[in-house]
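I opened this structure to see which residues hide, which show, and which pair up. My notes follow in the order I looked.

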Amino acid sequence: MIFGEKLKTERNKKGWSQEELAEKLFVSRQSVSKWENGQNYPGIEIIIKISDLFGLTIDELLRSDEELTKKVIIASKQLAHPKLKFLFDVLFLAGLVLLVFKLVVLFLNKTTALEIPLYGGSFFWNFGSLILMVGGGIGSSMLKEKYKQD
């Protein structure tokens, strides 16, 4: 039995209409209809809700539907490294903030009587932001390519 048929069978066992199931899952009735007709598949979050709602394991819902199983595997791999993606984004933003700070200080030193010192050495201020931004960008790009390969 494929996912759509299993969903329809379980919904009918409970005596629910598509509209009632949709309300319980916080989706549209059309979404439930498309799932049951095999035109579309729900995301992993909805599959978990369906599993809980009907008291079925995710394995029971997915085992017979190879296409949905592949989709869930891909989605779960993309959710596997959100902290790593966040780290690369933070590195890039830290480099950007460092660069903007340096430019603002240089601008103020040139246009006003202020003499704001940049502590830490010229290598840090000249290359620190570049290293952080390039590192964050390359890391994010590599992570994106890994998702495409999987």
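**Entry 1: V100.** I looked up V100 first. The model is a predicted one. V100 has a relative accessibility of 46%, so I noted it as partly exposed. I found it in helix α7, which runs over residues 82-111. V100 also belongs to a nonpolar surface patch of about 630 Å².

**Entry 2: D89 and K85.** I stayed in helix α7. The side chains of D89 and K85 form a salt bridge there, 3.0 Å from N to O. The two residues are four apart in the helix, so about one helical turn separates them. D89 is partly exposed at 31% relative accessibility. K85 is partly exposed too, with a relative accessible area of 33%. I wrote a reminder beside this pair: side chains of opposite charge can pair when their charged atoms come close.

**Entry 3: helix α1.** I counted four salt bridges in the model. One of them joins K6 and E10, with the closest N and O atoms 3.9 Å apart. Both residues lie in helix α1, four residues apart, or about one turn. Is E10 buried or exposed? E10 is buried, with a relative accessible area of 8%. Salt bridges with shared partners link K6, E10 and K13 into one network.

**Entry 4: E36 and R11.** Next I checked a salt bridge between E36 and R11, at 2.6 Å from N to O. E36 sits in helix α3 and R11 in helix α1, so this pair ties together parts 25 residues apart in sequence. I noted that both E36 and R11 are buried.

**Entry 5: helix α3.** I then went through α3, residues 29-36. V32, S33, W35 and E36 are buried in this helix. They cover an arc of only 160° around the axis, so they lie on the same side of α3. What do the buried residues of α3 pack against? They pack against α1, α2 and α4. Just after α3, I found G38 with a positive phi of about 75°.

**Entry 6: Q18.** My last stop was Q18, in helix α2 (residues 18-25). Its relative accessibility is 18%, and the cut-off for buried is under 20%, so Q18 counts as buried. Its side chain makes a polar contact of 3.2 Å with the side chain of R29. Leaving aside neighbours within four places in sequence, Q18 touches R11, R29, V32, S33 and E36.

Technical notes: Residues are numbered from 1 along each chain as its sequence is written. This is a predicted model: local features need pLDDT of at least 70, side-chain atom pairs count only at pLDDT 80 or more; totals for chains, interfaces and linings use all residues. Side-chain values use heavy atoms; hydrogens and water are left out. Patches are made of residues with over 30% relative accessible area and no salt bridge: like charges are joined within 9 Å, nonpolar side chains (Val, Leu, Ile, Met, Phe, Trp, Tyr) within 5 Å. Accessible areas come from the Shrake-Rupley method with a 1.4 Å probe; for residues, only the protein chains shown count as cover. Buried means under 20% relative accessible area, exposed over 50%, partly exposed in between (1.4 Å probe, protein chains only). A polar contact is a pair of N or O atoms within 3.5 Å; within protein, one must be able to donate a hydrogen and the other to accept it, and residues adjacent in sequence count only if both atoms are side-chain atoms. Contact means heavy atoms within 4.5 Å. The arc is that of the directions from the helix axis to the C-beta atoms.
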